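Subject: Structure for you to look at

Hello,

Here is the structure I promised to pass on. Please open it and keep it beside this message while you read.

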Amino acid sequence: MTKTIYIVLTDTGTLLSKAIGMYTQKDLNHASIAFDEQLTEIYSFGRKQQYNPFLGGFVRENVGAGIFEQSVCAVYRCEVSTEAYVRIRQKIVQFEMNQDEYKYNFIGLFGVALNREIIRKRAYFCSQFVATVMQESETHRLMTNPCLTMPHHLAYLPHMHLVYEGKLQNYLRSVRGQQAERPIRMGLWKSLAFRLLA
């Protein structure tokens, strides 16, 4: 018996995402893991406050608004054993219960650029976090160390199937239905300030 999880790669359009993209030469530079196709239960490492890019850590994301409002994405489905699914969920629970102790691993991003492992206690960047969680499944591990994993590497996890590619909000409407909550649109100046501070 198997369970389904989802790996979601997005282009958030933030300055950090663009800076990472300059190195990876890829468009989708943020990674998350979700437990439902509607992406209502989705986790990653990113900003804890919508308008503060410097305060980061473990987060349960709201992909219907904020930095995700104009995002494009790739959604991958992955079947894992029930035992692996339980371990993955337990790992997420551990992060959630201790979320105040975790930080965003900005320094680790330089390690990726230098192809040098920089392991910091209780600090992760988004793809490092997803790769670490996926290690709970013996058959869904990458050959690269989690601290050197870039978002696009996750697309090559074993048994990964692309189910959608395009605008994230279009995907959400298709799986959540027309009654899905529309993202709150920011004013022009607030949106501009948000992007500059991102």
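Below are notes on the aromatic rings and then on the pockets.

Please keep in mind that this is a predicted model.

Aromatic rings

The structure holds 16 aromatic pairs. One of them joins Tyr 43 and Phe 58, with ring centres 5.8 Å apart and planes at 15°. Planes under 30 degrees apart count as stacked, so this pair is stacked.

Another pair is Phe 95 with Phe 129, and its geometry is edge-to-face: the centres are 5.0 Å apart and the angle between the planes is 90°. This pair also links distant parts of the chain, as Phe 95 is in helix 2 (residues 82-97) and Phe 129 is in helix 4 (residues 126-134), 34 residues apart. Both Phe 95 and Phe 129 are buried.

Which residues do ring pairs link into a cluster? The members are Phe 35, Tyr 43, Phe 45, Phe 58, Tyr 85, Phe 95, Tyr 102, Tyr 124 and Phe 129.

The largest pocket holds about 560 Å³ of space. It is lined by 30 residues, and those closest to its centre are Gly 46, Arg 47, Glu 61, Ile 67 and Phe 68. Helix 1 (15-24), strand 3 and strand 4 each give two or more residues to this lining. Strand 4 gives the most, with six residues. By class, the lining has 15 nonpolar, 11 polar and four charged residues.

The second largest pocket has about 280 Å³ of space. Among its 18 lining residues, Leu 16, Ala 19, Ile 20, Leu 109 and Phe 110 are the closest to the centre. The elements that give two or more residues here are helix 1, helix 3 (106-114) and helix 4. This lining divides into 14 nonpolar and four polar residues, with no charged ones.

Regards

Technical notes:
Residues are numbered from 1 along each chain as its sequence is written. This is a predicted model: local features need pLDDT of at least 70, side-chain atom pairs count only at pLDDT 80 or more; totals for chains, interfaces and linings use all residues. Side-chain values use heavy atoms; hydrogens and water are left out. Rings of Phe, Tyr and Trp (its six-membered ring) pair if their centres lie within 6.5 Å; planes under 30 degrees apart count as stacked, over 60 as edge-to-face and the rest as tilted. Helices (H or I, at least four residues) and strands (E, at least two) are DSSP runs, numbered from the N terminus. Buried means under 20% relative accessible area, exposed over 50%, partly exposed in between (1.4 Å probe, protein chains only). On a 1 Å grid over the protein atoms alone, a cavity is a set of points where a 1.4 Å probe fits but cannot get out, and a pocket is an open set with protein on both sides within 12 Å along at least five of seven lines; lining residues have an atom within 4 Å of a point. Grid points are joined across faces, edges and corners, and a volume is the space filled by probe spheres set on the points. Ala, Val, Leu, Ile, Met, Phe, Trp, Tyr, Cys and Pro count as nonpolar, Asp, Glu, Lys and Arg as charged, and the others, Gly among them, as polar.
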